[in-house]
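Please look over the model shown below, and then read the short report that follows it.

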Amino acid sequence: IWHEPQFTVADVCKIVGMTPKALEHFVNPQRGLVRLVGPHANPGTGRRRLFTGSQVLMIAAAYAMNRIGFPHRWSIPLTDTVVQRAW
């Protein structure tokens, strides 16, 4: 579950409590909120995006930090730390 891409956009939205548009915003590499690695994280146009369990945790952490007003520039380092500690 941790490294296997198996969670769809709908799954992540339900788990985290966010809309698909908000998820799109969070995983956009230009925004710098979450660093997703792997071909499944950005499969290209017309292909289904899947997330691993660790990526879902990173998105949830970034979303929680955003909701309490945490500075965006610290989002990636802290989400990486959350995943490392959960591992």
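I68, F70, W74 and L78 together make a nonpolar surface patch of about 400 Å², where a patch consists of residues with over 30% relative accessible area and no salt bridge, with like charges joined within 9 Å and nonpolar side chains (Val, Leu, Ile, Met, Phe, Trp, Tyr) joined within 5 Å. A salt bridge here is a side-chain nitrogen of Lys or Arg within 4 Å of a carboxyl oxygen of Asp or Glu, and accessible areas come from the Shrake-Rupley method with a 1.4 Å probe, with only the protein chains shown counting as cover for residues.

This is a predicted model, in which local features need pLDDT of at least 70 and side-chain atom pairs count only at pLDDT 80 or more, while totals for chains, interfaces and linings use all residues. Residues are numbered from 1 along each chain as its sequence is written, and side-chain values use heavy atoms, with hydrogens and water left out.

F70 is found in the loop between helix 3 and helix 4, helices being DSSP runs (H or I, at least four residues) numbered from the N terminus. F70 counts as partly exposed because its relative accessibility is 32%, given that buried means under 20% relative accessible area, exposed over 50%, and partly exposed in between (1.4 Å probe, protein chains only). Just after helix 3, G69 takes a positive phi of about 85°.

## Helix 3 and its cover

Helix 3 has 15 residues and reaches 21 Å from its first C-alpha to its last, close to the 21 Å expected at 1.5 Å a residue; the expected span is 1.5 Å times one less than the number of residues. Its buried residues include V56, I59, A62 and M65, and what covers the buried residues of helix 3 includes helix 1 (9-16), helix 2 (20-27) and helix 4 (75-86).

S75, which lies in helix 4, is buried, with a relative accessible area of 4%. Leaving aside neighbours within four places in sequence, S75 is in contact (heavy atoms within 4.5 Å) with G32, L33, A62 and M65.

I59 lies in helix 3 (residues 53-67) and is buried, with a relative accessible area of 0%. Beyond its neighbours within four places in sequence, I59 is in contact with V12, V16, M18, L23, V27, V34 and F51.

The largest nonpolar core has 20 residues, and I59 is among those with the most contacts inside it; such a core is a set of buried Ala, Val, Leu, Ile, Met, Phe, Trp, Tyr and Cys residues joined through side-chain atoms within 4.5 Å. Helix 3 gives the most to this core, with five residues.

Conventions
Helices (H or I, at least four residues) and strands (E, at least two) are DSSP runs, numbered from the N terminus.
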